[in-house]
Amino acid sequence: QKMRVTGYLFTVLLSLTVAATTSPIKYVIVLMLENRSFDHMLGFLKQLNSQIRGCLPNDEGCSNHINPSDPTSTQVTVDNTAVYSQADPSHSISGTTEQIFGTKTPAEGAVGNMDGFIQSYSTHNFGGDTEKGSSIMHCYAPEHVPAITNLSMEFGFFDGWFASVPGPTMVNRAYAASSTSHGMGTNDELTIAKGLPQKTMFRQLLEMGLDYRVYYQDIPSLLQFKDMRHRDARPRYHKYEQLLTDLKDGDMPDFTWIEPAYFSTSKQPATDQHPDHDVSLGDALIKEIYEALRASPIWKEAAFVITYDEHGGFYDHVV
């Protein structure tokens, strides 16, 4: 039930070759969304199945002190009143450290108790206003994110989510695509502009005799790799609308990587679920891809993986 991003997709891809004669799966399709934790998105599924490692209001350890250094300070429990759009929490390494340990400078050997989310959110977004900062404890009611909820309950899902680095987006997306960030710990614009030099799983796919495509809505984050700017990569990028056509025709490669829209424009709202973007638009994207795949000739031979790059600063009770 626990799965780390690091090396995970390599394992999926290698299984395509190793199990080619025994597995019905011929196509792997991955949609990686942005910046949400398990408890925040799906923790209230525990109401439907007590074995799910979620977090409910009466569960031990499913609360935060407004001042983690004062155990007598007010505690706020999780609830299911999360709204679709809210302010972006800190998800830098220092911000995440504060969320995990209750301080940005934990003592050597300190054990994280996940008690610093309200303090981090209050300080980073609301000038220390703990009443507003307490909204970081809000999670989604299952009926408010119906696509991911129903797919989770009808199919398999993982209730242990771990980012490779307790920090930001591009670092964790680098790990997802190549099992390393090549030392990058922040969304370093200069490093990204120069291009990360390591081999990606996409290059490895080609070396294995398998093919891939990248479908994107606005800008592919995979362009942070030199590998993915190479001349043999360029023809494998396609706009998202082509995905729907290709699924309808059953014309799909061994591996598909889907990039949501990261920015809102007059023509395309953001669908990545990164705050402060509307989470319902990302849920609608999940629904659209699933329904297109379900109607596709490849349905019985495909695995559709929906995942997130990192927690985005949202509350979770698991260290």
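Ring pairs join F38, F157, W161 and Y308 into a cluster. Here, rings of Phe, Tyr and Trp (its six-membered ring) pair if their centres lie within 6.5 Å, and planes under 30 degrees apart count as stacked, over 60 as edge-to-face and the rest as tilted. The model is predicted, so to speak of local features a pLDDT of at least 70 is needed, side-chain atom pairs count only at pLDDT 80 or more, and totals for chains, interfaces and linings use all residues. Residues are numbered from 1 along each chain as its sequence is written, and side-chain values use heavy atoms, with hydrogens and water left out.

Across the whole structure, a search finds 13 aromatic pairs. One of them brings together F155 and Y290, edge-to-face, at 6.1 Å centre to centre and with 65° between the planes. This pair links distant parts of the chain: F155 sits in the loop between α6 (146-154) and β5 (160-162), Y290 belongs to helix α11 (residues 279-294), and 135 residues separate them. Helices (H or I, at least four residues) and strands (E, at least two) are DSSP runs, numbered from the N terminus. F155 is partly exposed, with a relative accessible area of 41%, whereas Y290 counts as buried at 18%. Buried means under 20% relative accessible area, exposed over 50%, and partly exposed in between (1.4 Å probe, protein chains only).

F155 also pairs with W299: the ring centres are 6.2 Å apart and the planes stand at 80°, so this pair is edge-to-face. It too links distant parts of the chain, as W299 lies in the loop between α11 and β9 (302-308), 144 residues from F155. W299 is partly exposed, its relative accessible area being 22%.

A charged side chain meets a ring elsewhere: R236 lies over the face of Y212, 5.4 Å from the ring centre. For this, NZ of Lys or CZ of Arg must be within 6 Å of the ring centre and within 35 degrees of the ring normal.

Helix α11 has a helical partner as well. Helix α10 (residues 240-249) packs with α11 at an angle of about 25°, their axes 8 Å apart; axes are lines fitted to C-alpha atoms, for helices over the stretch in contact, and angles run from 0 to 180 degrees between N-to-C directions. That makes α10 roughly parallel to α11 (angles under 35 degrees; over 145 is roughly antiparallel, 65 to 115 roughly perpendicular and the rest oblique). Contact, meaning heavy atoms within 4.5 Å, involves Y240, L243, L244 and L247 of α10 and L285, E288, I289, A292 and L293 of α11.
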